[in-house]
Amino acid sequence: MILGKIVGDEKRVRFNVPIYCTDCKKSVPGRIVSGEKYSQTKAFEIELEQFKKNYLCGICRDKKRCKKN
Ligand SMILES: [Zn+2]
């Protein structure tokens, strides 16, 4: 999963962060990739928090989609 922008051939940084589905609480092996510069900014921290808050695993995402239809 890529957060933020990676410009051209900028160095990429990988993070292994614990991510949990916000619905079923299952842990999801998450690998976040971001550009080196962006990963050191406050904006990145905020984006990562938002991402974790809203994360749904594939199963819950499907469930949600079915409910809508
Ligand atoms: Zn789930």
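In which loop does Cys-24 lie? In this predicted model, Cys-24 is found in the loop between β1 and β2.

The C-alpha trace spans about 40 × 25 × 20 Å along its principal axes. Of the 69 residues, 6% count as buried. Among contacts with a separation of 6 or more, 66% are made by residues 24 or more positions apart.

The mean pLDDT of the protein chain is 90, and 97% of the residues score at least 70. Among the elements, the highest mean pLDDT, 94, belongs to helix α1 (residues 42–54), whereas the lowest, 87, belongs to helix α2 (residues 58–68).

The two strands are partners. Strand β1 covers residues 12–20 and strand β2 covers residues 27–35; nine bridges join them in the antiparallel sense. Within this pairing, Arg-14 stands opposite Val-33 of β2. The strands form a hairpin, with six residues between them.

Lys-25 lies in the loop between β1 and β2 and has a positive phi of about 65 degrees, although it is not a glycine. Most residues other than glycine have a negative phi. Lys-25 counts as exposed because 9 other C-beta atoms lie within 10 Å, and a residue with 12 or fewer is placed in that class. Cys-24, in the loop between β1 and β2, also counts as exposed, with 12 C-beta neighbours inside 10 Å. Leaving aside neighbours within four places in sequence, Cys-24 is in contact with Cys-57 and Cys-60. Cys-24 and Cys-60 are 36 residues apart in sequence, and the distance between their C-alpha atoms is 7.4 Å.

Helix α1 consists of 13 residues and reaches 19 Å from its first C-alpha to its last, close to the 18 Å expected at 1.5 Å a residue. The helix is hardly covered, as the count of buried residues among its 13 residues is zero.

The segment before β1 includes Gly-4. This residue is partly exposed, with 17 other C-beta atoms within 10 Å. When residues up to four places away in sequence are not counted, Gly-4 touches Ser-34, Gly-35, Tyr-38, Phe-44 and Glu-47. One of these, Tyr-38, is 34 residues from Gly-4 along the chain, and the C-alpha atoms of the two residues are separated by 6.8 Å.

Conventions. Residues numbered from 1 in each chain as written. Predicted model: local features only at pLDDT ≥ 70, side-chain atom pairs only at ≥ 80, totals over all residues. pLDDT = per-residue confidence, 0-100. Helix = DSSP H or I, 4+ residues; strand = E, 2+ residues; numbered from the N terminus. Pairing = 2+ DSSP bridges. Expected span 1.5 Å × (residues − 1). Buried ≥ 20, exposed ≤ 12 C-beta atoms within 10 Å, placed from the backbone. Contact = placed C-beta atoms within 7 Å.
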